[in-house]
Every structure is written in structure tokens, then in C-alpha cells.
Amino acid sequence: MLRQNTRPVNVGGVTIGGGAPVSVQSMTKTDTRNVVETVAQVRGLEAAGCEIVRVAVPDAEAAGALKRIKERIHIPLVADIHFDYRLALRAIDAGVDKVRINPGNIGAREKVKMVARAAAERGVPIRIGVNAGSIDKAKYGPPSAESLALSALDQSRVLEDLGFRDIVISLKAFDVPMTVGAYRRMSELTDYPLHIGITEAGPAWEGTIRSSVGIGAVLAEGIGDTLRVSLTGDPVQEIRVGLEILYSLNLRKPAFSIISCPTCGRCGIDISSIAQEVRDRLRECPPARPLKVAVMGCAVNGPGEAEMADVGITGGAGVGMLFAKGKLARKVREEDLVHELMKEIERIENDQES
Ligand code: SF4
């Protein structure tokens, strides 16, 4: 896929833009002042594949916790700050890797200047995060793709006028067509890397669909350098959904992919529980190289898909066929299918190592 050319921005060792792989972010849902809980949540996100994590910094106590959080985690830390420039200064001083602010809600130019100067001295980028809900309606009119993009452009000019260009921009709305239009417009107006997402997308099920449609539509146009899926619920789910969006568009390679059929009246085995068990076991112990696993219900499409995968099974009446590297390996009883499949995966792994 041809991707838009953007400026690279370094966030604590992770490059956003400049053709770098689209990174996946999340935000903690703990009270940032509670270092133990926040670090535990970040570690869970790291294990799920999160590459950058953001924490809310609503007050001085939360800013005071940043250094201790930063010391205990392994991925870049972003401080999310509104209104109070002193919190941004404290966060930068604590060693965060990026700050999310809106120059427009920080106030006087002198305050923005202090933040930009401190960020420049420490090599800390700033994300300008414009949300449809907080747009200045008196200045830009009601939220629209155009007003979101113009508002972000004005905010970026405030920093540019101070000589600061280490900028990432996000333009988020709940409305998917508006968000897609805003990112499209922004990519015409600037080469700053774009952080994409659908804001307040909803509970896990609805939010997953809304985010996948919105983020997927933006990415499919070659726009976007990093993403965050916003779900009401476990942030680990945000990472899983974000990664799956990237895998679906071939923008990242998964450790493994499972091709499983939806099942129908021809299905001879319990595909649903077999596919889930295989997925859980591969998540626990991911293969060293990308692996395609097919789990198919019957002989209609099963053998074809299984032959194209690295390893696969197709169901029959109480028995299945096991395929490896495109060839039928053997017939297996239904109750032994997962075990035999995992054994075959292990054998493929060992062969590749030797
Ligand atoms: Fe139905 Fe067989 Fe297709 Fe699965 S592979 S959906 S069981 S026809």
C-alpha cells in the first residue's frame, strides 16, 4: 500500500511517521497517582503488544508519579495534559517521551513558549490532539472535517512560530465519515505524522466495529502513522483490535493468523472451540516466524484453504484431516485434532530452526 509521506518523529525510540510501521498505542484507565496499579496496567499492555502508552495527568500529584511510572515500564510514556502548562513542564522534567496538549487550551503565548522550549531541549515531541467535542465553535463553526483540520493546523502554527516542529496531530470524532474526511484533509494540508482514532467509540463490541471501520478507512487511503482504538473496557482489548486492523490491511505481520470458516450445516466438527483453543495456545506460545493456520469445517472449501496454510485441519464425521505445508499429512480423530495440530506446528518450528 502506498503511504503518505510524513515527517518522522521520535517518541522514546519509537518512530512515528517517515514510513515507519504504524504503531499501536493505548491509554491507561487507572488513577495515574496510583503508581502500582498504573504500572501493572502498562505491563499488561506491553505484553499484548502496545508500543506507546499515554497516561492522564490531571494534577500535580499525577505529574509527580510520572518519574516512578517511567522507571518501571519498557515502552515510551506520553503525558496527557489539558489547560495547565505547569503540568506539561513537570511531565517533561519527569522524563516523559511525548506530551499531548492543545496549545489553544494552554492559554497565553508565553506559557506555550515555555512548554515548547522545554520540549525542544529534551527532544520531547508534542501531540496536538483536536477532538470534535472541544473544538472552538465560535472560531471554527460546528465540528466538521474541515473545522477539525483547520483547528489542528492553527494549533500547529502556534508551535511552528516558536520554532517547534516535532509535532504529531490527531483529529478525533465519534462520527466516522467526519473523522475520515478530517484526516484526508489534514494529509493534504501538512506532512506532520498523524495519530488516528475514533474517539469515544463505545463499549467493546460496538467500539471495535466503529473503530475498525473508521481507522481502517483512513489507513486504507495510506494515511496514518500511529493509532489508538478507544474502547470502554479493558485497554488490552484496544491493543488487540488495533493490531488486528493493521494485520487486516497487511500493514503489520502477525505472529500467526487463523483462517477459520463460519461453519454451516455441513460442518462435521466443533470448529468454534477448536479455533479458540488453537488461538489461545498460540497466543500463549507464539511461533517464532509468521504462521498461517487453517481450521475448516468440511471438505467443501476446507482442503483448499488448509493446503494454502502452513498447517491446517478440515473436519469430517468425527474425524479430521491434517494438512502440513500444503499436503495431506494424516487423518486424525476429532478429540485429537488440537493436540495433533499443535504437534505439527512444533515440528514445523523445529524444522525451521535446524
Ligand atoms: Fe460450511 Fe464447510 Fe464452508 Fe465451513 S468449510 S462454511 S463447514 S461449507
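A: A quick cut-off first: a residue is called exposed when its relative accessible area is over 50%, buried when under 20%, and partly exposed in between. This is a predicted model, and the part I'd pick is strand β5, residues 77–80.

Let's start with the sheet. Eight strands, β5 among them, close into a barrel with parallel pairing, in the order β3-β4-β5-β6-β7-β8-β9-β10. Neighbouring strands there are turned against each other by 25° on average, direction ignored. As background, strands of a sheet pair through backbone hydrogen bonds, either parallel or antiparallel.

Helix α2, residues 60–72, lies across both β4 (52–56) and β5. The angle between α2 and β5 is about 175°.

Next, follow the chain out of β5. The loop between β5 and α3 (85–94) holds Phe-83. The backbone does something worth a look here: phi of Phe-83 is near 70°, a positive value in a residue other than glycine. For context, most residues other than glycine have a negative phi. As for the side of cover, Phe-83 has a relative accessible area of 59%, so it counts as exposed.

Note on methods:
Residues are numbered from 1 along each chain as its sequence is written. This is a predicted model: local features need pLDDT of at least 70, side-chain atom pairs count only at pLDDT 80 or more; totals for chains, interfaces and linings use all residues. Side-chain values use heavy atoms; hydrogens and water are left out. Two strands pair if DSSP finds at least two bridges between them. Helices (H or I, at least four residues) and strands (E, at least two) are DSSP runs, numbered from the N terminus. Axes are lines fitted to C-alpha atoms, for helices over the stretch in contact, and angles run from 0 to 180 degrees between N-to-C directions. Contact means heavy atoms within 4.5 Å. Buried means under 20% relative accessible area, exposed over 50%, partly exposed in between (1.4 Å probe, protein chains only).
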